[in-house]
Amino acid sequence: MQAMTIGFNSEYSEEAPSLEDIHALEGRALLEFGAPWCGHCQAARDAVESSIKTDSKIVHIKVFDGKGKRLGRQFGVKLWPTLILLQDGQEIRRIVRFTSNEEVRELMAL
């Protein structure tokens with residue numbers, strides 16, 4: 001599935017994994033919700049990319065969110081970008097409307 005990539009995923013995928021797919025993940029993963037045209041998402045891109053480069057084995061799931069997109073609603077996403085750290089398919093922590101490398105690294109430091 002295009003949405004799931006080991007290491008940095010540069011493109012938002014229109015096709016999101018199902019909640020069952022997310023819960024079946026093993027290990028750590030970053031689930032990112034946003035939109036390619038979103039200015040906040042564009043501003044946060046470098047922070048996500050540089051932080052993921054320090055943990056190249058992490059799965060990065062980048063989902064194009066919006067009206068009628070089920071996975072974002074299941075995770076209660078209201079603002080973009082939202083970055084959720086998962087461990088074995090379960091949410092550990094999240095950050096919203098982040099812009100700095102430090103915010104992303106702090107999220108991933110758990």
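The structure is a predicted model, in which local features need pLDDT of at least 70 and side-chain atom pairs count only at pLDDT 80 or more, while totals for chains, interfaces and linings use all residues. Residues are numbered from 1 along each chain as its sequence is written, and side-chain values use heavy atoms, with hydrogens and water left out.

The protein chain contains 4 helices and 5 strands, where helices (H or I, at least four residues) and strands (E, at least two) are DSSP runs numbered from the N terminus. Their order along the sequence is β-α-β-α-β-α-β-β-α. The protein chain has a radius of gyration of 12 Å, close to the 13 Å given by the globule rule for 110 residues, so it is as compact as a globular protein of that length. The radius of gyration is taken over C-alpha atoms, and the globule rule is 2.2 Å times the number of residues to the power 0.38. The C-alpha trace spans about 30 × 30 × 20 Å along its principal axes.

Of the 110 residues in the protein chain, 45% are buried. Buried means under 20% relative accessible area, exposed means over 50%, and partly exposed lies in between (1.4 Å probe, protein chains only). The protein chain exposes about 5,800 Å², of which carbon and sulfur atoms supply 51%; accessible areas come from the Shrake-Rupley method with a 1.4 Å probe, and for residues only the protein chains shown count as cover. Among contacts (heavy atoms within 4.5 Å) between residues at least 6 apart in sequence, 67% join residues at least 24 apart. The mean positions of the 14 positive and 16 negative charges are 4 Å apart. Lys and Arg count as positive and Asp and Glu as negative, while His and the chain ends are not counted; the place of a charge is taken as NZ of Lys, CZ of Arg, CG of Asp or CD of Glu.

Helix H4 comprises residues 101–108, and its buried residues are Val104, Leu107 and Met108. These residues cover an arc of only 95° around the axis, which puts them on the same side of H4; the arc is that of the directions from the helix axis to the C-beta atoms. The exposed residues Glu102 and Glu106 are carried by the face of H4 turned away from its buried side. The cover over the buried residues of H4 includes strand E2 (28–34), helix H2 (39–52), strand E4 (82–87) and strand E5 (90–96).

Arg94 lies in strand E5 and is partly exposed, with a relative accessible area of 27%. Apart from neighbours within four places in sequence, Arg94 is in contact with Phe75, Gly76, Val77, Thr82, Leu83, Ile84 and Leu107. Arg94 and Leu31 are 63 residues apart in sequence, and their C-alpha atoms are 9.2 Å apart in space.

Most residues other than glycine have a negative phi, and most peptide bonds are trans. The peptide bond from Trp80 to Pro81 is cis, with omega near -15°. Pro81 is placed in the loop between helix H3 (70–74) and E4. Asp88, in the loop between E4 and E5, has a positive phi near 50° and is not a glycine. The relative accessibility of Asp88 is 41%, so Asp88 counts as partly exposed. Arg97, in the loop between E5 and H4, is likewise not a glycine and has a positive phi of about 55°. With a relative accessibility of 37%, Arg97 counts as partly exposed.

Val59 belongs to strand E3 (residues 59–64) and is buried, with a relative accessible area of 17%. Not counting residues up to four places away in sequence, Val59 touches Met4, Thr5, Ile6, Arg28, Ala29 and Leu30. Val59 and Phe33 are 26 residues apart in sequence and 14 Å apart in space, C-alpha to C-alpha.

Pro17 is found in the loop between strand E1 (4–6) and H1 and, at 2% relative accessibility, counts as buried. From Pro17 to Ile58 the separation is 41 residues in sequence and 16 Å in space, C-alpha to C-alpha. Glu20 lies in helix H1 (residues 19–23) and counts as exposed at 58% relative accessibility. Glu20 and Pro36 are 16 residues apart along the chain, with their C-alpha atoms separated by 25 Å.
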